[in-house]
Every structure is written in structure tokens, then in C-alpha cells.
Amino acid sequence: MEAVEGFEMGFRQLGLRFGVAVVAMGLGACSGGGSSSSEVNNDALSGTITIESRTRVDSDTADDSRVGAAVSNNSPAEAQLLPESGVVGGYLSAFSGTYPRSSSSDPVFNFSADDTDVFLVQLSDGDRVSLQTFASTAVDPVVSMTIAEPGGLDVCGVDCLGTPPFTHVMSIAGSDPVTHLITVSAEGGGPFRYVLTITARNSASVSHLEFDQPELVPDQAVIVMAAGTQGSEAQLRGLSSSLAGAGLRNLGRGMWRASQTPAAIARPYSDQERPEASRQTLQWIESLRELPGVASAEPDWVVRSLAVTPDDDGLYSLQWNLPLISVPVAWLATPAAGAGVGVAVMDTGIFSSQPLTYGNWHPDLNGNVLSYTGQIVDFVSGELDNDQEDVGLRDDNPADPGSDSIQSSSFHGSHVAGIAAAVDNTQGIVGVAPEATIYPVRVLGRNGEGSLSDLLAAINWATAQPGIDVINLSLGGLPRNDTLESAINQAYDQGKLIVAAAGNEGTDTLTYPAAYNRVVGVGAVDAGRVRASYSNIGGSVDLVAPGGDASRDGNGDGNSDLIVSAWGSKASGNYVPAYAGLQGTSMAAPHVSGVYALMKGAADQAGRSLGPGDFFALMNAGSITDDVGNITEYGAGLINAIKGVDAALDGNVPTVLAASPSALQFSDLQPRQVLELMTYPESQTVTIDSVGSLPSWLSLSPMPQAGSAPPAQVAVSVDVDQLDLESSYAADIVLTYTGSASGQKLSVPVTVLRQDEQEQRNAGRHYVLLVDQQSNDGSAAAQAVVEVRDGLYHFAFSEVEPGNYLLVAGSDLDNNGNICETGEACAEYPVIGLPEPISLGITPVSGVTMTTSFRRPTLSQLGGPRYGFSGYRVKSEGDHDVDGVRHYAGEAQ
């Protein structure tokens with residue numbers, strides 16, 4: 001035990017130096033091991049946990065308060081110092097109390113009162129400050145955030161009002177960083193965990209804090225057959241016994257939906273059954289991927305509408321959204337207003353006063369809806385189908401059955417279609433392109449949800465329709481998948497512009513389909529041309545359009561900035577047309593679809609061609625948008641209808657070179673990235689004239705050559721060894737080229753953020769658990785509690801029975817007895833998100849390493865969803881000592 005005693009002394013010395021109490025490792029005997037063997041191994045397992053660079057923890061969490069180690073950061077005078085870019089996890093509550101227990105035998109876990117945390121940080125122009133919160137009880141917290149220079153006014157403004165997440169992009173004059181105080185406050189509600197991220201300009205997402213659990217349709221898969229295979233139903237059934245009796249549906253273009261359970265015996269799953277059914281579905285899909293002739297197999301993901309619950313105060317007198325983007329002026333330039341252009345609205349369908357029959361549409365849509373019968377245009381099927389004429393089946397009637405309650409999924413498609421192309425009939429509202437043709441396509445059903453397979457079938461159908469010019473997708477929530485991207489690319493190649501909502505999570509995490517290269521991702525602004533508080537930013541946003549924000553009155557007209565459009569009322573089976581105000585990127589997307597309809601209609605009348613590549617060229621050249629802010633929040637800017645129509649009439653579409661991503665962020669862990677170079681319109685070519693000088697630490701491979709076409713992809717690498725720790729560096733990759741003119745330039749900003757010194761990192765007290773694989777409830781068989789020392793956690797277990805265990809660790813910031821919850825640091829061996837068992841026998845295992853972080857891997861990094869995970873439960877029976885006194889994990893002090 002000499003080594004252990006020395007180890008504990010090291011902790012005590014560290015605690016004295018920093019003025020905090022010390023928690024030593026729990027090294028007592030633990031029962032419940034993974035084997036019935038009576039043999040016991042001393043010093044069975046030991047290792048270290050590293051901390052992700054630039055990670056910090058709130059100095060007065062509930063866990064700190066429990067052991068008397070809290071260091072107050074409740075005022076500007078006590079502000080906690082943070083690095084210029086980084087992640088800090090914290091805890092707040094407006095009052096103290098006890099967490100609910102499911103039974104009287106459960107241990108008691110208390111939470112402390114701490115209503116304010118203050119941080120001091122250097123912020124630079126373009127830095128993003130984001131706050132995400134996670135309730136620790138069933139009572140949602142009331143939260144506020146302020147950002148101000150010491151003694152100055154709050155600069156966060158409307159970005160920090162409403163419901164988190166809050167994201168504010170700093171606007172600071174000059175190139176030097178400026179000291180700011182960031183204050184996070186609990187104004188009411190229950191206790192909560194939070195993660196505050198400070199992200200450098202042009203950086204990629206650092207705010208992915210949850211294990212992805214996207215909803216899928218249980219027992220269903222989307223299969224793509226390999227090129228050259230017959231791909232018939234008989235061939236699919238012959239591939240595997242699991243497909244022999246499956247329900248198969250041809251989605252077109254080599255895509256199939258397979259239902260593991262035949263429709264005749266299929267049943268909906270309860271909320272309790274769904275996680276396990278989803279896990280079993282993933283296992284089945286893994287087996288399908290191994291079958292010969294199968295190019296890919298993936299879940300039939302659930303897709304959702306992207307609007308926020310409507311306002312029910314009736315019709316506003318002013319459609320502020322149209323003059324905001326110069327639509328009335330554009331009508332003067334092209335009186336036909338989109339005539340002859342087809343807009344496919346893939347959504348919940350549209351309102352009908354008699355939804356069991358085709359027709360009788362909302363009066364503001366009726367004159368523009370294409371009268372097409374005999375074709376499947378209601379693609380919603382299975383348990384998501386909620387229409388009345390043929391529940392669960394596809395049909396040729398896209399009428400929206402609506403809902404008995406006012407919610408964002410009820411008549412959502414009518415609202416979207418009205419924004420894009422409502423008729424100018426002197427009543428109600430008018431759309432952006434009031435002469436365009438509406439193709440209503442129903443892909444969303446119950447609760448505004450649909451399946452990937454139904455969406456694929458609809459896109460494949462629309463690809464073959466010559467009258468459709470633009471496909472509006474005011475939906476999202478999908479993980480990235482190659483099958484959907486392939487379907488979108490085929491539609492694009494057939495001359496369809498695809499427009500999608502960027503998402504309403506207020507983060508820079510990529511959302512699909514908006515983030516695909518050949519999709520126009522649309523963010524939302526209010527009536528003051530300011531990004532809506534909910535609107536996503538970053539790589540999902542190509543440009544912005546009016547989406548509304550109920551919390552603001554940006555134009556001072558006395559009304560909340562909602563987008564008014566067509567709606568419906570359903571009560572006791574009676575359907576009555578109506579209007580409502582909504583907010584969301586769902587509302588922003590059809591503005592862009594409508595503007596494209598105006599542009600294409602004007603070009604057609606002038607005898608000129610206009611296609612999706614032309615739109616991307618004009619957008620990337622800044623020819624059809626207004627500059628309203630930084631590229632991270634606003635992309636290419638705010639769509640402008642008259643600029644778009646003028647460009648279409650002029651016919652002089654520039655040839656431009658664009659890059660994806662539009663900016664590059666590097667770190668010690670990511671010193672290399674791939675930059676895609678794309679030419680718009682695709683039929684044109686560009687020639688590189690020169691490449692701007694690069695710093696010695698930045699290199700390109702292959703290097704674009706003067707006099708040659710640009711390579712499709714360039715590997716961009718940073719030699720971090722040339723750069724100082726704890727420093728940031730910036731440069732630009734500048735390509736001068738000849739496209740539609742000589743001397744055109746493409747500039748890609750590059751930012752490098754070097755890691756901080758290891759000794760400065762802290763992710764909070766960590767509970768290190770050995771979880772018995774044979775345990776039914778996932779409870780810990782052994783536990784150690786460790787403090788950070790020089791930026792590392794050192795752990796060791798003794799007297800652990802041989803067996804197979806999962807090795808996990810994490811913080812319990814809110815002291816509710818669970819680690820690795822969203823908003824808390826977590827480490828899993830060998831890699832977070834992909835835990836694998838570690839075998840303990842007679843021979844000690846030492847030198848084990850893993851990394852803890854507040855972030856979570858994305859779905860593509862993870863390899864698949866993680867259904868039902870909500871953290872690990874700590875042991876509560878006298879698990880550690882504080883200053884020689886035994887305490888319990890849930891005991892308040």
C-alpha cells in the first residue's frame with residue numbers, strides 16, 4: 001500500500017496548493033464481479049484518464065458543494081478564468097433540495113443552491129459563445145446569460161433571451177482580444193447542468209454534447225443494390241432468410257425498403273419497447289450489409305418538420321417577410337411571378353375542406369395546385385400514416401388530415417406551400433411566387449414525422465417529373481447517409497434545385513439534408529434581418545431568409561415577428577381554412593424556393609435557361625443576397641428577390657469556384673482536412689492563375705497549379721510542431737482563377753488552435769466504474785473516485801474478482817448519482833461511444849488510458865445510434881474518504 005499512500009499524499013498536496021478539498025480513491029473490496037471465482041486479485045487494474053484540450057469545469061458544482069470543495073464564482077470579483085477557446089461544464093440551481101427517489105430504499109441525493117456562475121475570458125471578433133442546458137429533474141430551468149466587458153453593458157442581447165441553447169457571435173473592433181465577463185444564471189425552475197463553449201471564428205462544431213439517438217422505424221431498412229445486379233424482388237428474397245418473408249417496396253433507382261415484420265402482423269411499439277426494438281433493428285441491418293449484391297443497408301430514419309408551434313391570434317395585417325427580401329419590387333420586374341415553374345412541397349400535404357377526396361384545397365392555394373391524379377403523391381406509409389381513407393398505405397391524394405390540436409405538425413405543409421406560392425386573390429395572404437405551380441407531395445404524417453424510405457421514394461418520383469423545378473424540404477432531423485445524398489444528387493442532375501431548412505437547434509452541428517453540398521440550406525432571420533434565436537449556424541446554412549422569431553419585434557410594428565401563411569382548423573371532423581403565424585427554418589426555406597421560381601420564370605420568359613448550378617453560382621458570387629452579417633451565422637447573406645430576378649433576366653451567370661467547407665479549423669488532434677473545390681455552373685470550367693503565399697506550417701496536396709483546372713479535392717495539412725502551445729494562428733488559402741473573368745478569387749480562412757498545457761485542464765471530480773457485463777441493471781461492481789492532478793486522473797482498483805467489465809468514468813456535476821449524462825464529462829474504454837469489455841484475471845492490468853470530454857462523438861464517428869443510454873449509476877455505499885472521514889455519494893455536507 002505504500003504506492004497508494006504516496007498517491008493519496010500527492011492529491012492532498014495538490015489540494016492545499018489550490019485551496020480545495022481532496023477526494024482519494026475508493027479501494028475497498030467490492031462484490032458483484034463478473035465471475036463466480038473466489039480468487040481475488042490485488043492491484044487488478046490501473047491507468048490514467050487524459051482530458052480533452054481546453055476543458056474546464058465550474059468551480060462550485062453540486063458535487064463540489066457536497067464534499068466542501070466548492071470555490072465560489074458567483075460574482076465578477078470571483079470570476080473564474082477560462083481559455084480564449086474551450087469548453088466548460090457547470091451546474092446551477094435557484095434553490096437547494098433532494099432529488100426524487102423511485103423507492104424508499106434508494107439512496108438520497110441532494111442538490112445545492114447556486115444561482116450564478118461568472119467567467120472571465122478574452123474574446124475576439126467572430127468568436128461564438130454558446131450555452132446549452134440540461135435539466136436534472138422533470139422541472140425545466142429558467143436560464144439567462146449575459147456577456148459584457150467589465151463594467152459595461154450586456155452585448156448578448158436577443159441572442160440570450162428565450163430558451164437555450166443560446167449562441168452569440170461576437171462583434172469586436174480591431175484584431176486584439178477583449179476581456180469579457182460571461183454570466184450564467186438560474187432564474188427559476190429546477191437544477192440543471194450546462195456546457196458553455198467558446199469557439200474561435202470559422203471553427204467547426206464543438207457543441208455536440210449528446211450521444212445521437214435519431215429515431216428510426218423499427219423492423220425496417222433501406223437497401224441499395226450494387227450496380228450491375230438485377231435488383232428484383234425475387235433476388236432480394238433469395239439473399240437471406242431474414243428477407244424471404246419480408247415486406248419489400250421498390251423505392252426506385254435501385255433502392256428498396258425491407259420490412260422485417262410483414263405488414264399483416266406488424267404492430268406499433270410503445271415508448272418503453274422502442275429502444276430495444278431499435279437496437280434489434282440495427283443488428284438486423286448489420287447482417288444485411290454483409291449480403292452479396294447489397295451496396296448499402298441503413299435504418300429507415302424518421303424525418304420531421306422544422307417549425308415551431310403556431311401563434312393562434314389570427315391573421316396579421318402585414319406580411320413583413322415579403323418586403324424584407326424585396327419581393328414586391330421583384331413582381332414589378334417579372335409580372336408573371338413564377339408562371340410555368342413547378343414547386344414540389346414535400347411535407348404534410350396541404351389543407352382540404354374534404355380531405356378524403358382530391359381537391360377543395362385552401363383558397364389561397366387552390367388556384368396553383370396541379371391537378372394530377374392517378375399517381376402516388378401521398379408517400380406516407382406504415383404506422384406514420386394518419387390519413388383516413390387508407391391508413392398505412394400510399395395513395396394519390398396529398399390532403400393533410402391535420403390534427404385536433406394546434407401544433408407545428410398540423411397543416412405544416414399548407415403553411416410552407418403558402419409562403420412559396422400562395423395565390424394573389426385579394427384575400428388572405430400571397431406567396432413569394434404567386435403564379436408558380438404547387439406540386440403537393442405528402443411525406444410527413446403523424447406528429448409531422450415521416451420515414452427516410454418514404455422521402456426517398458418521393459424524391460425519386462419527383463426526379464422523373466419534368467414539370468418540377470424546385471423541391472422544398474422544410475424537414476430534417478436525419479443523420480448523414482449516402483442513400484439520401486445519392487437521391488438528391490440525381491434530382492439535382494435532372495435540373496431540380498433542392499432547398500432545405502437548416503434546423504432549429506441553435507447550434508453549428510451539421511443537420512441533414514440541409515448540409516449536403518447540392519442542397520441550399522436556409523437559416524432564419526427576424527424582421528430586423530437578425531438571425532433568429534433558434535436558427536442553426538455553420539455548415540448547414542448557405543444563406544438566410546425570413547423565418548420569424550416570436551420573441552422579437554425587429555421592425556417595430558407592434559407584432560411578434562411570426563410568418564403568417566395558410567393553415568387549417570379541424571374540429572369534430574369539420575375542416576375549415578384558416579391562417580396562422582409560425583416561426584422556424586421551415587418557414588425560411590420556402591422563401592428561397594419561391595425566389596428561385598421567380599428567377600426561373602423570368603429567365604424562361606426571356607428565353608434563357610436557369611438551373612440549380614446557376615443558382616449556386618449566383619449565390620456564391622453574392623449576386624442574389626444582401627450582406628447582413630458573418631458567414632458563420634448568415635452564409636452568403638439574406639436572399640433578395642429583385643437581385644435574383646435581375647440576375648436571371650440579365651442572363652450573365654458568373655462562373656465561380658467554391659469550397660466546402662468554406663472555412664477550416666485545425667487542432668493538435670485534427671492537423672489534416674480535405675477541402676472540396678467545386679465549379680458553378682458545373683458545365684463551365686475555371687483555370688487557376690495563382691496560389692497565394694502560404695505560411696510554412698500550412699501545406700496543400702496536390703498543390704493547385706497555374707494554368708490548370710483546380711483539383712476536385714485538396715488535402716490541407718498543418719504542421720503543429722511549428723506552432724506554440726496555447727496559441728491560435730490564422731491564414732487564408734487564396735486561389736486566384738479565371739472563370740467568367742480573370743482575377744477572380746476564392747479565399748478559404750484557416751484557423752489553428754493549439755492545445756493548452758495539460759496541467760491547466762480539469763473536467764471535475766471523476767467517478768471511475770467497473771461495470772459487470774453480466775449485471776442486469778448495469779450497476780457498478782467497483783468504484784474509484786479521483787481528483788485531477790497535473791491535468792490527469794490516475795485510478796487503480798484492487799480486490800476485484802476476475803471477469804469481464806466495462807471501464808467507464810465521468811463527472812456528476814449535479815450530484816444526482818449518475819455520471820456521463822449529457823452535459824457531464826465522460827470517458828469510456830477504449831473510446832467514448834464505443835465501449836468494449838476489459839478482461840481482468842490473475843495478472844494485473846496496468847497502463848490503461850482513456851480520454852474524458854464534455855463532447856460526444858457524432859453519429860458518423862460513433863458508427864451507429866446509442867439507444868436508451870442515460871448514463872451510469874455511481875455506487876452509493878460509502879465509496880470514498882474526504883479528509884479521513886467516510887462519506888456517501890449522495891450525502892450533502
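Guide: Helices (H or I, at least four residues) and strands (E, at least two) are DSSP runs, numbered from the N terminus. This is a predicted model, where local features need pLDDT of at least 70, side-chain atom pairs count only at pLDDT 80 or more, and totals for chains, interfaces and linings use all residues. Residues are numbered from 1 along each chain as its sequence is written, and side-chain values use heavy atoms, with hydrogens and water left out.

Visitor: Which residue with positive phi follows α12?

Guide: Helix α12 covers residues 612-620. Buried means under 20% relative accessible area, exposed over 50%, partly exposed in between (1.4 Å probe, protein chains only). In α12, 8 of 9 residues are buried. After the helix, with phi near 75°, comes G622.

Visitor: How many residues of strand β8 are buried?

Guide: Strand β8 spans residues 128-135. The rest of the structure largely encloses β8, because the buried residues number 6 of the 8.

Visitor: Which residue in β12 stands opposite Q132?

Guide: Two strands pair if DSSP finds at least two bridges between them. β8 and β12 (residues 192-199) pair in the antiparallel sense over 8 bridges. Opposite Q132 stands V195.

Visitor: How many residues apart in sequence are the parts that R128 and D508 tie together?

Guide: A salt bridge is a side-chain nitrogen of Lys or Arg within 4 Å of a carboxyl oxygen of Asp or Glu. R128 and D508 form one, with their closest N and O atoms 2.3 Å apart. R128 lies in β8 and D508 in the loop between β23 (497-501) and β24 (520-525), so the separation of the tied parts, in residues, is 380.
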